[in-house]
Amino acid sequence: MTNATTHIIGFLAALTAANSSAHAACPIELAVYGDGQSGNEIDFTPTGTSAVVTNSFRMILDNNVVLNGIVMWNEGVARPNGSLMYKCPEGDTTGAELAACTPWHGVIYTSDDKGSIGLLPAEGVEAPKTLILPDLGPALRQSPAYGGGGFSKVPSDVFTLKGCQE
């Protein structure tokens with residue numbers, strides 16, 4: 001083998017390694033999703049040691065509006081029930097107070113490249129390619145976070161994987 005051939009093989013091996021690490025699996029707790037329609041984002045964060053919350057995330061809307069989200073799997077027919085909250089009171093809250101500061105809640109679905117529909121996984125699993133939050137847009141349009149000094153770009157119900165946080 002010539003010296004030039006050795007350098008080319010080394011270069012191709014490095015390029016392949018860099019390419020495969022760029023496409024490495026991203027765990028759901030570090031995933032970042034985007035809505036192509038509005039530019040809004042969903043950023044997942046590690047949940048920690050919660051006994052009931054399986055996923056934590058933030059929805060970042062325009063005008064610096066941030067909604068805090070959690071997912072809890074219900075008993076019986078197991079489903080990932082997500083909730084987005086806006087300016088909820090701290091500490092002990094009543095059910096009415098919590099309902100008033102929760103502009104969206106529902107089951108979070110996923111989709112892969114082939115269009116197969118599934119349910120949002122708990123942490124420690126590879127992030128799905130697409131998230132579907134049914135009726136998100138219409139619910140958020142009715143929320144106190146919309147209009148005025150709040151957000152103006154209503155998201156669609158579909159968010160696609162953009163990347164992975166470091």
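The model is predicted. Y33, F44 and F57 are linked into a cluster by ring pairs, and the second largest pocket holds about 150 Å³ of space.

- Strands of a sheet pair through backbone hydrogen bonds, in either a parallel or an antiparallel sense.

**Strand 1 and its two partners**

- Strand 1 (residues 31-34) runs antiparallel to strand 2 (residues 41-45), and 3 bridges join them.
- Between these strands, Y33 stands opposite I42, and V32 has D43 as its bridge partner in strand 2.
- The hairpin of strand 1 and strand 2 has 6 residues between the strands, and G39 in this hairpin takes a positive phi near 85°.
- Strand 1 also pairs with strand 10 (residues 158-164), in the antiparallel sense and over 4 bridges.
- In strand 10, A31 is bridged to C164, while Y33 is bridged to L161.
- Y33 therefore has a bridge partner on each of two strands, because pairing is assigned from bridges between strands: I42 in strand 2 and L161 in strand 10.
- Which residues of strand 1 point one way, and which the other? A31 and Y33 share one direction, V32 and G34 take the other, and all are buried.

**Strand 2 with strand 3**

- Strand 2 and strand 3 (residues 53-60) form an antiparallel pair over 5 bridges.
- E41 has I60 as its bridge partner in strand 3.

**Strand 9 with strand 10**

- Strand 9 (residues 130-132) pairs with strand 10 in the antiparallel sense, over 3 bridges.
- The bridge partner of L131 in strand 10 is F159.

**Aromatic pairs**

- The model has 3 aromatic pairs by the ring-centre rule.
- One of them joins F44 and F57, with 5.3 Å centre to centre and 40° between the planes, and is tilted.
- This pair links distant parts of the chain, with F44 in strand 2 and F57 in strand 3, 13 residues apart.
- Both F44 and F57 are buried.
- Ring pairs bring Y33 into a cluster with F44 and F57, and Y33 is itself buried and points the way A31 does from strand 1.
- In general, the distance of the centres and the angle of the planes describe a pair of aromatic rings.

**Second largest pocket**

- About 150 Å³ of space lies in this pocket.
- Its lining is made up of V66, N68, M85, Y86, K87, C88, P89, G91, T93 and L98.
- How many of the lining residues are nonpolar, polar and charged? The lining divides into 6 nonpolar, 3 polar and 1 charged.

Note on methods
Residues are numbered from 1 along each chain as its sequence is written. This is a predicted model: local features need pLDDT of at least 70, side-chain atom pairs count only at pLDDT 80 or more; totals for chains, interfaces and linings use all residues. Side-chain values use heavy atoms; hydrogens and water are left out. On a 1 Å grid over the protein atoms alone, a cavity is a set of points where a 1.4 Å probe fits but cannot get out, and a pocket is an open set with protein on both sides within 12 Å along at least five of seven lines; lining residues have an atom within 4 Å of a point. Grid points are joined across faces, edges and corners, and a volume is the space filled by probe spheres set on the points. Ala, Val, Leu, Ile, Met, Phe, Trp, Tyr, Cys and Pro count as nonpolar, Asp, Glu, Lys and Arg as charged, and the others, Gly among them, as polar. Rings of Phe, Tyr and Trp (its six-membered ring) pair if their centres lie within 6.5 Å; planes under 30 degrees apart count as stacked, over 60 as edge-to-face and the rest as tilted. Buried means under 20% relative accessible area, exposed over 50%, partly exposed in between (1.4 Å probe, protein chains only).
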